[in-house]
Amino acid sequence: MLNRVATIAIRHRVVFKHLSDRARFLARNSKLCARVHAGKFITLYPADDALESLLPALEDALIGFRGPYVLSDRRWDTAPIFLRYGAFRPVDGPDGRFVGLITGDGTRVPDKRSLHFAVPDFASRPATLRAWLHELEHPTPETPLPFTAHQALKFSNSGGTYSADYDGRPVVVKEGRPSAGLDPLGRDAVHRLNHEHDVLTAFDGLPGIPRVLARLTSWENTFLIEEQVPGKPLHHWASDQSAFRATSQRDVEARLIEQAAVLDALESAVEAMHRRGWAHMDIHVSNVLVDPSDLRVHLIDFENAIRLEEGSCTQPMAAAGYGMSGCHQPEAFDFQGLRQIALFLLWPAVGDAVLDLHRADHVVAAIRARSQYMGVPTSNPLLAAALDRLDALSARVHALLDGENPLTEQDHSSQCILDRSPVVNNKDEWERALSDGITAARKRYVGTGYPVHHHALSRNWHGLGYGRSILDRLTGSSPQPLGHTQTSLPGLFTGFVGDLVGRGGLTGSDLTSSMLSEILNIEGPRVFDGLPGVLLGLASLPELHEDSGMWQALSDRAAGLARAYLRRPEDFAPVDTPTRTDSPDDHDSGLLYGHLGVAWALSRFLNTGPAIIGDACTQALRAELGRYITVDEGRALLLNQKSRTIPYLAMGSAGFGIVLPGIPRNLWPVEVTENVSALTAACDAHGCVFPGLFNGMAGLQLGRAGLFHAAGVANPSQEPRSVLTDALDLFTFNLDGTAVVQGDGGGRITTDLATGGGGVLLALRGLSTGIFDLIDIVSALPASSQTREHPGPTPTEALR
């Protein structure tokens with residue numbers, strides 16, 4: 001196809017571009033590709049007068065080729081040729097680069113790239129397209145579908161899934177688009193839908209599996225109609241009834257009983273399916289529905305199911321932590337999914353199995369070694385039965401794999417399979433083990449620095465969040481050059497200022513006048529990567545405190561920040577419900593990304609700045625708390641993100657524990673004073689999935705200790721430190737006798753402060769010393785050996 005199109009485009013002198021390799025081509029046609037881009041392989045940019053000869057030439061050359069319908073475009077005729085009105089290239093303007101259309105009078109219209117073909121009102125209509133566009137404006141009536149869709153449950157490049165009515169009953173309708181949504185086996189959505197139809201037909205009458213009602217084709221798409229079974233995805237049900245949030249032993253026992261009933265039903269459904277000669281091949285928490293009213297269980301999504309008689313195979317796709325690499329008997333994949341669901345109900349961090357297939361064995365041994373778990377004795381018959389079930393499922397998996405761990409013989413994302421033996425003999429050894437683990441992981445890592453979470457890769461190992469300087473300092477390693485070019489990215493957690501704070505001070509080669517001026521001129525409303533973070537970080541450097549001129553410059557900038565915040569707090573963060581996103585680039589709430597961070601930064605200038613700084617602190621605390629809601633019958637107060645609530649340090653309840661100890665009580669708004677206990681309760685999250693500082697157990701317990709301190713609790717670090725060190729038995733892996741952790745579900749060992757071992761170690765240092773402010777913990781660390789090695793200009797001289 002590419003050769004034919006290129007020949008025609010060159011002959012007609014039409015500019016074109018195309019995907020560069022097979023991997024990108026498959027990704028652009030995959031199930032998870034964004035629909036607005038999906039299906040596009042070659043794009044041509046013809047002038048209007050070229051269409052008359054270009055389109056017939058392409059049509060003749062491409063007859064017989066198949067391709068997915070491009071949803072943002074409209075097909076020209078029969079061949080896979082699609083047209084749309086859109087921008088050819090970005091243009092420069094007074095407000096920066098603009099991607100869009102320009103009307104005849106110069107008005108700029110954004111190129112929205114919607115999922116429907118549209119003709120802009122101002123656009124020309126070349127003669128070649130007039131009849132084609134007339135068909136669009138006067139369409140032939142279509143035969144109505146035999147079902148009525150009420151709600152789209154989800155959309156993907158494969159097609160939609162809808163809640164609908166069919167023949168007087170509620171149903172679920174799955175849509176398959178031809179040649180779209182390719183899976184790793186090269187099957188398109190229609191192929192998988194037809195396969196699922198055949199599988200469900202074979203299962204007719206089995207309890208726990210939906211009945212198939214009809215299959216039909218409308219226009220070019222295929223639709224599979226299944227009965228709508230009651231329930232919600234298992235992970236949502238488990239979250240609602242989590243034993244980790246129970247307030248009494250009786251509540252924990254009741255929830256363990258419910259979990260056992262659900263697992264009984266799920267195992268029965270899987271074994272019945274196996275007796276019919278099939279394996280599901282994609283069992284995970286989203287593919288199991290639980291009816292809370294009677295605990296009935298249904299398995300869904302059978303597009304990857306395979307006949308047992310086909311024998312050893314690989315798994316086409318799997319949710320992280322629920323699948324296996326390698327070639328195995330089909331039943332083995334199903335029992336691995338069952339085992340991981342049983343593990344999830346006891347210990348939600350199932351993603352660790354990406355690095356250790358048999359992580360469940362380690363978790364069971366670690367729980368049994370304790371005197372209690374989830375607030376009940378480990379000798380409790382119900383908890384013991386849950387552990388025995390997990391052991392039994394593990395035995396099934398081991399037996400089916402014939403005792404072989406399929407990951408031991410291969411490198412997995414530059415990670416080795418890790419030892420399951422205990423790392424420490426007592427809790428006091430965790431700091432040493434984690435520090436040694438950071439060093440060991442760096443030596444094992446193939447790359448230019450410490451292994452970090454994938455969110456950090458665009459930041460090139462800079463800043464407190466993901467940088468090398470703080471890890472060098474935490475482990476006592478020789479510091480590396482800071483890289484002066486990074487002043488273009490000066491943020492505290494993402495750039496140069498964070499490197500300065502991480503190293504522990506300035507040297508003569510660290511700062512020039514032009515660099516310092518650039519740093520002080522940064523904009524941006526977040527502590528994470530904007531002005532509040534820069535002020536917070538610079539205010540912690542001892543050299544700047546020693547220079548009255550520089551400190552005055554910082555105070556003036558802080559006062560300007562306070563005035564701007566009081567004038568328009570909504571410019572810093574939303575004042576209503578925050579955005580739900582998993583990317584740090586888009587977060588707008590909490591300590592690192594929202595109003596709370598403004599209060600944190602300004603608190604450093606309360607003793608030297610004008611009164612307006614205190615006013616802004618109070619307003620920022622009030623604005624942050626206004627976005628929180630109570631859960632667990634009013635016991636806990638968490639950040640509200642509509643479909644989820646957040647307790648974490650980076651954004652959520654725990655962040656208040658970092659800030660409040662540094663702000664005098666007379667500046668706390670009454671709403672904060674009245675809710676310190678509810679914020680503290682939100683941090684008591686024994687079922688936390690991740691170990692890290694920003695969004696995990698380490699940050700929760702550090703923030704919890706800070707809130708205890710703010711409330712006047714004696715020995716505020718004692719219990720949070722105990723909770724964290726207990727959890728490390730479950731979170732850590734043994735790498736050459738050291739402790740390492742997997743960062744925030746990234747499928748890899750990480751050492752950074754945000755997600756990995758560095759953040760856990762920093763939290764332990766804070767809890768050990770009774771320091772709860774992150775920057776103060778860093779400042780209390782021994783300085784790097786080369787800090788202040790070379791004399792240089794004073795900060796004020798550099799500023800001039």
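Which residues of α9 are buried? The model is predicted, and local features need pLDDT of at least 70, side-chain atom pairs count only at pLDDT 80 or more, and totals for chains, interfaces and linings use all residues. Residues are numbered from 1 along each chain as its sequence is written, and side-chain values use heavy atoms, with hydrogens and water left out.

The buried residues of α9 are Arg359, Ala360, His362, Val363, Val364, Ala366 and Ile367. Buried means under 20% relative accessible area, exposed over 50%, and partly exposed in between (1.4 Å probe, protein chains only). Helix α9 spans residues 359-368 and is mostly covered, with seven of its 10 residues buried. Helices (H or I, at least four residues) and strands (E, at least two) are DSSP runs, numbered from the N terminus. The cover over the buried residues of α9 includes α8, β19 (372-373), α10, α26 (718-731) and β24 (732-735).

A nonpolar core is a set of buried Ala, Val, Leu, Ile, Met, Phe, Trp, Tyr and Cys residues joined through side-chain atoms within 4.5 Å. The largest such core holds 177 residues. Those with the most contacts inside it are Leu234, Phe493, Leu592, Trp600, Leu621, Phe656 and Leu702. Helix α8 gives the most to this core, with 10 residues. A second, separate core has 20 residues, including Leu51, Leu54, Trp76 and Leu83. Leaving aside neighbours within four places in sequence, Phe493 is in contact (heavy atoms within 4.5 Å) with several residues, among them His462, Tyr466, Phe528, Leu592, Trp600 and Leu774.

Five cavities of 30 Å³ or more were counted. On a 1 Å grid over the protein atoms alone, a cavity is a set of points where a 1.4 Å probe fits but cannot get out; lining residues have an atom within 4 Å of a point. Grid points are joined across faces, edges and corners, and a volume is the space filled by probe spheres set on the points. The largest cavity has a volume of about 80 Å³. Elements giving two or more residues to its lining are α7 (249-275), α8 (330-346) and α10 (381-400). Helix α7 supplies the largest share, four residues. The lining of the largest cavity includes Leu256, Gln259, Ala342 and Arg389.

Three strands form an open sheet in the order β24-β25-β26, with antiparallel pairing. Two strands pair if DSSP finds at least two bridges between them. The edge strands, β24 and β26 (749-750), each pair on one side only. Two bridges join β25 (residues 738-742) to β26. Gln742 has Ile749 of β26 as its bridge partner.

Note on methods. On a 1 Å grid over the protein atoms alone, a cavity is a set of points where a 1.4 Å probe fits but cannot get out, and a pocket is an open set with protein on both sides within 12 Å along at least five of seven lines; lining residues have an atom within 4 Å of a point.
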